[in-house]
Amino acid sequence: MFEKLRIIFSIPELRKKVMLTIGLLAIYRIGFHIPLPMIATNLDSGAGGGAADFFEKVSVFAASDLRQATIFGLGIMPYISASIIFQLLGSVYKPLEELKKEGEAGRKKLNEYTRYLTVVICLVQSYMYLKFMLMAGANGQSSINPNFMNANEQLFFGWQIVAVLVMTTGTVFLMWLGEQIDEYGIGNGISLLIMAGILAQMPKALYELVLGMKTELTGLAKGQVGIETLIILVVLFVVVVFGVVFITLGQRKIPTQSAKFTRGRRVYGGTRQHLPLRINQAGVMPIIFASSLLMIPGVLFGFLAGQFASDGSLFRGFNLISLTMSDQTSYFFNLLYVGLIFFFCYFWTAITFNPKEMSDNLRDSGTFIPGYRPGRRTTDYLEKVMVRITYVGAAFLGLIAIVPTIVYGSLGVPYSIAGFYGGTGLLIAVSVAFDLVQKIDSHLVMRNYRGLLEGAGGGTSPVV
């Protein structure tokens, strides 16, 4: 491994890309710790419980920590939201669908529209984010510095505009930072920013684990981390990462054959190839959609409950719904979570995978699937295969999503530690790490070096 790292830094072009990527990620981490000028404390000590939990969960895939009001407080999530919106609209809105087919020019135009929408989302989210901090001040727990407040204990309107513009500019700068990594660095810039935000939470989680650990056998007592608990956590982490890697790279390879044709005295075509279909076609999007959707009812009904007297029936009803939707250890919550993951898996796969278009491309290139005639039968076959393997991928995502809850509920370890055993963070980290390794491998192989994964199976995907 050290020899391969030496080879990476011995190639001038690759070394320059790696160092530039590390430098830009360092800039992101530095800006992450620069607070807004009007902020006195973090939201950990000043925010209400329900909304604070909401920000804590969203921060996993936002490349930031929304509990800290910094210049990068919104992270890269507005850009991701804008990209998802245009991807969904591209499947139902005809002008955008035609724009996607225009090649490089259409892609640049879509990126331009995505940037404009990102700015709009940033303005709205930063304003709501600021209003949330002002609402927290009603209980005397404001995160705003008193020197920036007026006589009504509200932030001056001019400083509100400054805060909104600073947070919006911070997200736009992160978007630009990701584009610079794409163009001059190595790997996908936006994905690397998200992974850096996830991995940055690891030291704090490990510190909490070591701080509460006992150097003796505890009999797996709940809430106590002993030697046997630590061994189980290590083994479980290895097993979960292995499963994530296997399913992330897993493919269903459909055999195809190209038609033979003659030109002059030579016969071309007739070769056998494979059409790879990913098991986890939807990636991490179903978990993001499902977890985001489940966060909203708890916060919304908690807010509604606060508008009524604590001894009223409406308060008890809204509060019960809020507690039910916020209790991640309940069976109802986890069943609903898994059900939404299945739904969004099929929903996202239906948007991103078009069997008819793939069938037409095979027919136009003179390729066919043995045993199935080109056209409708090939389309139906591809759709049937994708439905079956999507079920496997959705079941896997559902299992990975509830693993942190199982670890938290059965072993009693802090949720900040259990969260690294599954869910969105682990899937994103593994996917981005493999993408980064493959990008580095392409540079090494191009210069006749062995790839990073070449001794461990050559980086080939498991076949099902």
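Predicted model: local features only at pLDDT ≥ 70, side-chain atom pairs only at ≥ 80, totals over all residues.
1. To find the pocket on screen, look for Gln87, Asn188, Ile190, Ser191 and Met285, which lie nearest its centre among the 45 lining residues. Several helices supply at least two lining residues each, including H5 (77–92), H7 (104–136), H9 (189–199) and H12 (285–305). Which helix gives the most to the lining? That is H18, with eight residues.

2. Next, have a look at H11 (227–249) and H16 (residues 376–411), whose axes lie 11 Å apart at an angle of about 175°. The cut-off for roughly antiparallel is an angle over 145 degrees, and H11 and H16 are therefore roughly antiparallel to each other. Among the residues that meet here are Leu233, Leu236 and Val240 of H11, with Phe396, Ile400 and Val403 of H16. The contact of H11 with H16 has 11 nonpolar residues, two polar ones and no charged ones.

3. H12 also pairs with H13 (residues 313–326): their axes come within 8 Å and cross at roughly 155°. This makes H12 roughly antiparallel to H13, and the crossing is left-handed. On the H12 side the contact includes Pro297, Gly298 and Phe301, while Phe315, Phe318 and Asn319 are among the residues on the H13 side. Nine nonpolar and five polar residues make up the contact of H12 with H13, with no charged ones.

Conventions. Residues numbered from 1 in each chain as written. Heavy atoms only, no water. 1 Å grid on protein atoms, 1.4 Å probe; cavity = no way out; pocket = protein on both sides within 12 Å on 5 of 7 lines; lining within 4 Å. Helix = DSSP H or I, 4+ residues; strand = E, 2+ residues; numbered from the N terminus. Axes fitted to C-alpha atoms, helices over the stretch in contact; angles between N-to-C directions. Parallel < 35°, antiparallel > 145°, perpendicular 65-115°, else oblique. Contact = heavy atoms within 4.5 Å. Nonpolar A, V, L, I, M, F, W, Y, C, P; charged D, E, K, R; others polar. Left-handed = near helix turned anticlockwise from the far one by under 90°.
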